[in-house]
Amino acid sequence: MAKLSPDDLVILLVAISTMLLLSRFASELGRKIGLPIVMGELLVGIVLGPTVLGAFSPATYDTIFPFTTNTHFAIALDGIFSLAVIMLLFVAGLEIQLSQVIRQGRITVYAGFGSMVVPFICGFAAAWLVPHWFDIERSENFIFALFLGTAMSISALPVIARILLDMKLFKTKVGMVIISSAIFNDLVGWLFFSFILSIAGKSEGTTTAIGYTLAYIVAFSVFMLVIGRLLLNRILPWVQTSLSWPGGVLSLSLGLCLLCAAFTESIHIHAILGAFIAGIAIGDSVHLREQAREIMHQFVTNFFAPLFFVSIGLKVDFVQYFDGVIVGVVLLIACIGKVLGASIGARLGGMNWHNAMAVGFGLNARGAMEIILGSLAFQAGLITQPIFVALVVMALVTSITSAPMIRFFLRERSPASVR
Amino acid sequence: MNDDQLKGRPPYPFETIGVAIAFSSSRLEAVLAEAKIMAECFHARLLLIHIGEQTPAKEATLRDILARLGFDALEVKTIWQQGNPVKSLLAICKQNLVDLLILRAKRREKGLSYYLGSVVRGLSRAAKCSLLLLTEPEINGTPFKRLVVSGVQHPKTICTIKTLNYFAKGVGAQEIMVVTESDQQGLAMAMAYDSTANQSTNVKEQLSSEEAKQLHALVCRCAPCEIKVSEELVLGRPGFAIRQYAEKVNADLLVINSPDAKYGLIDRIFTHGMEYILENLPCNLLIVHSRVS
């Protein structure tokens with residue numbers, strides 16, 4: 001069996017610890033001035049990667065991150081990054097409560113559809129009709145248009161939940177509509193993105209192959225969310241009371257996550273779909289104790305998330321590939337599509353205009369989920385580096401502006417009208 | 001005609017109590033005994049409703065049971081009707097201005113019947129009266145001593161608690177527990193990234209404290225003074241948490257608002273709210289239809 005030499009292992013461990021320690025330091029500094037944690041992690045990646053360290057001290061960069069000279073190191077770190085993205089999608093799925101969407105009723109249906117369909121159309125139309133804005137050839141822009149539409153329609157549930165919590169809107173009517181709509185956006189968005197990843201690169205691209213891919217995705221999702229959930233609802237109470245705590249439930253959850261990820265990867269759908277659906281199936285169970293959920297979140301967001309977000313800066317030169325036009329276009333389409341779609345949806349669902357606009361800006365926060373989506377698309381060759389950089393910038397800008405905009409639209413409202 | 005009479009009609013007093021009777025049930029006599037006790041407690045007119053064929057054998061059985069239970073003194077009317085149980089019961093209750101409909105319900109629905117739905121589910125949303133589901137009816141009457149009511153933040157809740165007060169006085173209850181459920185969904189995710197230990201604890205305490213305050217305000221507004229009332233905040237998913245609480249405290253009756261929307265197959269697959277209670281009844285259940293939109 002091939003294995004890492006002691007030297008390779010030392011380099012790998014030093015690289016991981018450097019990423020973890022520096023990203024924690026940067027994130028804590030950022031937290032003091034109210035910046036998203038993910039921004040600190042990305043900045044560390046940019047500093048450690050080709051943008052800064054690679055440009056100013058290539059020798060140091062090659063010593064800490066010998067991607068080009070040490071294949072073992074590169075493969076091992078790539079494995080860890082892949083595991084990180086799988087785990088991130090798993091915990092994203094943990095918070096998708098399908099019953100929450102059903103429970104919230106009409107407003108959520110309208111806001112959820114509006115915040116999905118309008119940005120999708122905006123993104124798809126821009127990429128399809130004016131591909132030169134994105135430096136894309138017209139002949140290859142169908143899959144890209146599908147991706148851009150999806151990227152515009154996705155939301156970032158963790159960021160949104162945190163914003164609402166900080167603004168004491170978490171348990172209000174507006175808050176519940178935003179959370180439920182974000183759940184809907186994420187569910188549909190990630191399922192569709194898995195589909196895009198699966199069909200991308202299938203040059204033969206026959207209708208039959210696409211049909212099979214779609215059928216696999218639907219069949220797997222339905223199986224896990226109906227039969228899988230039923231079985232988990234039977235097993236979880238036993239696991240949590242009869243096996244070691246929290247070891248039993250953690251082993252079951254993470255084991256199932258990796259198993260589902262392996263399964264979807266084996267049928268040529270990306271591993272993220274398996275992890276995401278496994279997360280939903282486990283997280284939706286009423287029997288999953290809150291403490292177990294917290295442990296999984298803490299483990300993933302404090303170990304895997306920093307590694308993943310730092311890795312983004314390691315892979316892309318943010319200065320070289322920053323294209324003002326693309327950034328501006330992506331930002332504009334993202335904000336207009338999302339805010340307009342969600343607000344109109346919420347208004348049609350029965351909310352007043354102020355609250356509906358707050359819902360629009362609440363859902364506009366893209367945060368870490370957009371960066372994960374962009375990163376996967378970049379790895380799959382769906383997008384170029386300038387577009388990836390634009391998506392990262394858009395994710396950060398929308399996350400930072402979301403809270404002030406919600407506050408602006410709710411500032412003159414009485415608490416009762418928000419509740 | 002009856003639509004106008006029903007609109008705005010308060011859910012109590014119970015002037016007319018309907019009882020759905022099934023001759024296939026081994027507890028028919030117990031259900032009728034419970035209905036008789038209720039009718040006496042609330043000085044109500046009693047309406048026996050059978051959805052099915054009217055046969056001499058059934059009539060004889062009913063006559064025997066009514067005689068044994070001493071129904072003679074009461075004003076009892078029996079309606080026999082064939083057709084869809086839910087639609088027929090709804091129509092009869094509407095025509096006769098029924099205020100409370102008593103039904104026998106299984107504690108747990110198993111297998112396909114759960115997904116196909118039950119008469120109770122069909123009635124829960126559409127009925128224009130309150131429903132009392134008896135899981136273990138007794139010949140001597142169920143002792144409704146300990147009552148648990150959902151104090152969910154909803155316009156219907158005040159009416160539900162007031163109806164429960166009326167019910168509790170009528171049946172001689174000893175204790176009412178007003179319970180609110182605190183769903184902490186999303187909290188773990190929101191706090192995982194950048195919260196200190198103190199912040200996490202403070203946020204949780206603050207959310208719980210706000211909900212406890214709202215519950216207290218609700219109780220102060222509508223709880224009776226003659227019966228012992230306690231307030232309880234339970235953590236968990238709405239519907240599931242209160243079901244578990246009712247089981248834990250051995251409640252005799254769980255009281256909830258009528259649902260806002262019709263429950264269908266999708267609600268059974270992705271269980272939420274009242275479905276958690278109906279799928280596994282912890283005790284007898286009173287679904288109060290407040291007749292407010």
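**Figure 1. Strands β1 and β4 of chain B run side by side.** In this predicted model, strand β1 (residues 16–20) of chain B pairs with β4(B) in the parallel sense, over 3 bridges. To find your way around this view, look for B:Gly18, which stands opposite B:Leu101 in β4(B). Strands of a sheet pair through backbone hydrogen bonds, and the pairing can be either parallel or antiparallel.

**Figure 2. Strand β4 of chain B and its neighbour β5.** Let us stay with β4(B), which spans residues 100–104. Strand β5 (residues 130–134) of chain B also pairs with β4(B) in the parallel sense, here over 5 bridges. A handy landmark is B:Arg104, found opposite B:Leu134 in β5(B). Is β4(B) mostly covered or mostly uncovered? Mostly covered: 5 of its 5 residues are buried. Which residues point which way from β4(B)? B:Leu100, B:Ile102 and B:Arg104 point one way, while B:Leu101 and B:Leu103 point the other way.

**Figure 3. The open sheet of chain B.** Now step back to see the sheet to which these strands belong. Its 10 strands follow the order β3-β2-β1-β4-β5-β10-β9-β6-β7-β8 (chain B), and the pairing is mixed. Which strands form the edges? They are β3 (76–81) and β8 (228–235) of chain B, each of which pairs on one side only. From one strand to the next, the twist averages 20°.

**Figure 4. Strands β6 and β9 of chain B, with a helix packed on the sheet.** Strand β6 (residues 146–150) and strand β9 (residues 253–257) of chain B pair in the parallel sense over 3 bridges. If you pick out B:Val149, you will find its bridge partner, B:Val255, in β9(B). Helix α10 (residues 240–248) of chain B packs on the sheet, where it touches β6, β7 (175–182), β8 and β9 of chain B. The direction of α10(B) makes about 130° with that of β8(B).

**Figure 5. The two domains of chain B meet.** Where the domains touch, 20 residues of domain 1 of chain B are in contact with 19 residues of domain 2 of chain B. On the domain 1 side, the elements giving two or more residues are α2 (28–42), α5 (111–116), α6 (119–126) and β5 of chain B. That side has 12 nonpolar, 3 polar and 5 charged residues.

**Figure 6. The two domains of chain A meet.** Chain A is divided too, into domain 1 (6–83) and domain 2 (84–418), with C-alpha centres 25 Å apart. The contact takes 22 residues from domain 1 of chain A and 25 residues from domain 2 of chain A. On the domain 1 side, α1 (6–32), α2 (37–48) and α5 (71–94) of chain A each supply at least two residues. Which element gives the largest share of that side? It is α2(A), with 8 residues.

**Figure 7. Chain B touches chain A.** This contact takes 21 residues from chain B and 26 residues from chain A. On the chain B side, α8 (187–192), α9 (197–222) and α11 (265–269) give two or more residues, and α8(B) gives the most, with 4 residues. By class, the chain B side has 12 nonpolar, 6 polar and 3 charged residues.

Technical notes:
Residues numbered from 1 in each chain as written. Chains lettered and ligands numbered in written order. Predicted model: local features only at pLDDT ≥ 70, side-chain atom pairs only at ≥ 80, totals over all residues. Buried ≥ 20, exposed ≤ 12 C-beta atoms within 10 Å, placed from the backbone. Pairing = 2+ DSSP bridges. Domains from an automatic or database assignment. Contact = placed C-beta atoms within 7 Å. Axes fitted to C-alpha atoms, helices over the stretch in contact; angles between N-to-C directions. Nonpolar A, V, L, I, M, F, W, Y, C, P; charged D, E, K, R; others polar.
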